[in-house]
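Here is a brief report on selected local features of one model. Please read it alongside the sequence and coordinates.

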Amino acid sequence: MSQRLSLVVQSGDFRVPDEGRIAVFHPREGHDLSDLPDARLEIIQPLKPEYDYWAGRGLTSVAEVPEDATYDAAVVFIPRSKPLARQLVAQAVAATQGPVLVDGAKTDGIDSLLKELKKRTRPSPAISKAHGKAFCIEGGIDLSDWVPGPSEVDGGFVTAPGVFSADAIDPASALLARALPKKLGKEVADLGAGWGYLSAEILRRSNLETLHLVEADHVALTCAQTNVTDAHAEFHWADARSWGQKGSLDAVVMNPPFHSGRAAEPSLGQAFIANAARLLKPAGQLWMVANRHLPYEALLGECFVSFEEAAGDNRFKILHGVRPRRKG
């Protein structure tokens with residue numbers, strides 16, 4: 001990833017300007033930006049853990065492109081989502097009059113994106129390295145048709161490119177919503193709330209005073225703020241693996257992620273479970289849904305006095321933990 005950026009800079013195809021701001025779209029921890037001047041970079045990163053990483057290094061960081069922003073150059077690290085990749089490139093060229101470097105892995109669709117751009121402009125020769133490609137285009141070209149308008153799924157929920165389950169209500173979340181009891185308690189959190197479907201269902205429950213929507217993706221959280229307008233809802237742009245005050249909640253509801261890129265990482269869901277147990281009051285309860293093959297039961301046994309599979313089908317399981325164990 002970082003090798004390609006350096007090679008394009010060294011080739012001269014990406015001319016790092018002597019002055020002015022340089023936007024860097026969606027860099028992840030591990031990307032090497034050392035060929036770019038730290039003091040003039042603006043990191044655009046909606047994922048809170050990644051945002052915190054770059055901000056912690058002292059780089060100017062924002063969750064989304066500021067309105068009317070202008071840059072003298074830009075770098076775009078494309079994500080897996082094709083609609084989001086196109087949108088990021090379109091935003092970069094609209095805000096930049098200088099060169100725009102586009103970098104991505106073959107598994108993330110960099111070849112098809114390059115092919116599409118060749119129909120609209122003249123990219124520099126692509127540099128191939130480490131199972132990916134990087135190339136440059138000039139800013140200022142019109143790719144406004146790559147920026148999608150508002151989209152809705154069943155139920156009138158607003159979504160956005162790149163967010164989880166952007167095209168439809170997630171079937172696992174729908175299964176969990178049907179399994180939830182009529183009462184969950186006064187203080188409840190939806191960890192990894194996404195664009196708000198589960199939260200909207202939770203808010204149908206009685207005796208609830210506060211529902212905390214905790215979501216690391218700023219774009220998804222913005223959708224949730226449109227979709228969930230109940231006065232009992234509070235929104236938190238935060239990492240659900242570490243958010244919140246110990247022993248503060250009556251219930252946690254969640255459909256945790258279990259992928260990092262294309263690789264399955266059960267440790268993500270396990271971190272959600274551990275934090276849920278920390279957040280719950282002594283008599284608190286966890287309701288979660290997971291793909292049937294994911295190995296969460298052993299950790300649930302460590303974190304809760306009792307747990308059960310409360311419902312499920314051939315794809316998903318609904319897990320219910322009661323009374324968190326206090327360690328130390």
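## Second largest pocket

The second largest pocket holds about 160 Å³ of space. On a 1 Å grid over the protein atoms alone, a pocket is an open set of points with protein on both sides within 12 Å along at least five of seven lines, as tested with a 1.4 Å probe. Its volume is the space filled by probe spheres set on the points, which are joined across faces, edges and corners.

The lining of this pocket comprises 13 residues. Ser 151, Ala 160, Pro 161, Ala 166 and Asp 167 lie nearest the centre. Strand S8 (residues 151-153) gives the most to the lining, with 3 residues. Lining residues have an atom within 4 Å of a point. Helices (H or I, at least four residues) and strands (E, at least two) are DSSP runs, numbered from the N terminus.

## Basis of the model

This is a predicted model: local features need pLDDT of at least 70, side-chain atom pairs count only at pLDDT 80 or more, and totals for chains, interfaces and linings use all residues. Residues are numbered from 1 along each chain as its sequence is written, and side-chain values use heavy atoms, with hydrogens and water left out.

Strands S11 (residues 210-215) and S12 (residues 233-237) pair in the parallel sense, over 5 bridges. Pairing requires that DSSP finds at least two bridges between the strands. Leu 211 stands opposite Ala 233 in S12. From S11 the chain passes through helix H7 (residues 218-227) to S12, in a right-handed β-α-β crossover. Right-handed means that, with the strands pointing away from the viewer, the path from the first strand over the helix to the second runs clockwise.

Ala 220, Leu 221, Cys 223, Ala 224 and Asn 227 of H7 are buried (under 20% relative accessible area, with exposed over 50% and partly exposed in between; 1.4 Å probe, protein chains only). They cover an arc of only 155° around the axis, so they sit on the same side of H7. The arc is that of the directions from the helix axis to the C-beta atoms. Their cover includes strand S9 (157-159), S11 and S12.

## Helix H4

In H4 (residues 110-118), Ile 110, Leu 113, Leu 114, Glu 116 and Leu 117 are buried. These fall within an arc of 160° seen down the axis, so they line one face of the helix. Lys 115 and Lys 118, on the other side, are exposed. Helix H3 (82-95), strand S5 (99-105) and strand S7 (132-138) are among what covers the buried residues.

## Leu 101

Leu 101 lies in strand S5. Leu 101 counts as buried because its relative accessibility is 0%. Residues that Leu 101 touches (heavy atoms within 4.5 Å) include Leu 5, Phe 14, Val 75 and Cys 136, not counting residues up to four places away in sequence. The C-alpha atoms of Leu 101 and Cys 136 are separated by 4.4 Å, though 35 residues apart along the chain.
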